[in-house]
Amino acid sequence: MIAAAALADLGFALSWQVEERSLAPPVVTGEAALTRSAAKGDRKAFGQLVDAHKRAVYGLCFRLLREPEEARDAAQEAFARAYAALSTYDPAQPFVPWVLRIARNHCLDVLRRRLPDTQRVELDAEPDEGAPRELADPAAVRADDALERRQLAGALEAAVAALPQNYREVVHLFHVEHLSYKEIAATLDVPLGTVMTWLHRARARLKEALAEPGAENLR
C-alpha cells in the first residue's frame, strides 16, 4: 500500500477544502501533455492534475465512505497511487475516469475491511436485468420557497444515501460530477448499458422514496 503521506514527500501542497456540491473543476487544457510530463517525473505537472481533479476524487470518496476525514485520506491515497501508476496511463484517454477508478477501488477496499465476510459480496453485486433509460436530473428540484427547497434537498440526500452502493456511485458521477455515460462506465469498469440501467433503477428508487408531499417537484 502506498502511503498517502508520500504526496507530501513529493512536494505537493494539497488542500482538501472542497465540497461535494461545489462547482465543477475548470477544464484543463493540454491534459494529455500534463500526464505525459507527470509520467516522466514532472511533479509540477502532476500537481496541476491534482488541483484540477481533487474535488471530483474527494466527492466520490465521500459518497462511498460517508466520513469526511476518511474520504480525504482516501483521496490522498488515490492520488499517491495514481502518481505511482502513471506509466500505465494512456494519455489518449481522459484522465479523470482513470483516477476516479483508482479512488473507487481503494474506497471499496476500505469498505470491505469494514464489513463482515457475509456482507462483502454486496459491493460487487451484479446489476438487475432491465431496459436502460435516460435519467432525469434529481437535482433539478423546484419549490416555492427556500425552506421547502432545503427540506426537499435533505430528503433527496437521505434517499440517495439509502441507495445501494453502485446506485449511489452512478447518481453521484452523473449528477454531481457531470460525467458522461462513457466516462462513468470507464470509472466503474462496467458496460455502458449497465450504467444506464443503474441510473434508471436509481431514479425509480428515488421517486419511490420521495413519494411524499412535495415529491411532485422532482417529476
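Helices here are DSSP runs of H or I with at least four residues, strands are runs of E with at least two, and both are numbered from the N terminus. The model is a predicted one, in which local features need pLDDT of at least 70 and side-chain atom pairs count only at pLDDT 80 or more, while totals for chains, interfaces and linings use all residues. Residues are numbered from 1 along each chain as its sequence is written, and side-chain values use heavy atoms, with hydrogens and water left out.

The protein chain contains nine helices and zero strands, and its pattern along the sequence reads α-α-α-α-α-α-α-α-α. Of its 219 residues, 43% count as buried, where buried means under 20% relative accessible area, exposed means over 50%, and partly exposed lies in between, with a 1.4 Å probe and protein chains only. In helix 9, the buried residues are T194, V195, T197, W198, L199, A202, R203 and L206. An α-helix has 3.6 residues a turn, so residues three or four places apart point the same way. Among contacts (heavy atoms within 4.5 Å) between residues at least 6 apart in sequence, 70% join residues at least 24 apart.

Two packed helices are described by the angle between their axes and the distance between the axes. Axes are lines fitted to C-alpha atoms, for helices over the stretch in contact, and the angles run from 0 to 180 degrees between N-to-C directions. Helix 3 (residues 43–65) packs against helix 5 (residues 95–114) at an angle of about 30 degrees, with the axes 9 Å apart, and the two helices are therefore roughly parallel to each other. Angles under 35 degrees count as roughly parallel, those over 145 as roughly antiparallel, those from 65 to 115 as roughly perpendicular, and the rest as oblique. On the side of helix 3, the residues L49, H53, A56, V57, L60, C61, L64 and L65 meet F95, V96, V99, L100, A103, R104, C107, V110, L111 and R114 of helix 5. The residues of this contact divide into 15 nonpolar, one polar and two charged, where Ala, Val, Leu, Ile, Met, Phe, Trp, Tyr, Cys and Pro count as nonpolar, Asp, Glu, Lys and Arg as charged, and the others, Gly among them, as polar.

Helix 7 and helix 8 pack at an angle of about 140 degrees, with their axes 10 Å apart, and they are therefore oblique to each other. In this pair, E169, V170, L173 and F174 of helix 7 meet Y181, I184, T187 and L188 of helix 8, and the residues of the contact divide into six nonpolar, one polar and one charged.

The loop between helix 7 (165–176) and helix 8 (181–188) holds L179, which counts as buried because its relative accessibility is 7%. Leaving aside neighbours within four places in sequence, L179 is in contact with L100, L173, F174, I184 and T187. L179 and V96 are 83 residues apart in sequence, yet their C-alpha atoms are 9.2 Å apart in space. H178 is found in the loop between helix 7 and helix 8 as well, but H178 is exposed, with a relative accessible area of 54%, and its phi is near 60 degrees, a positive value in a residue other than glycine.
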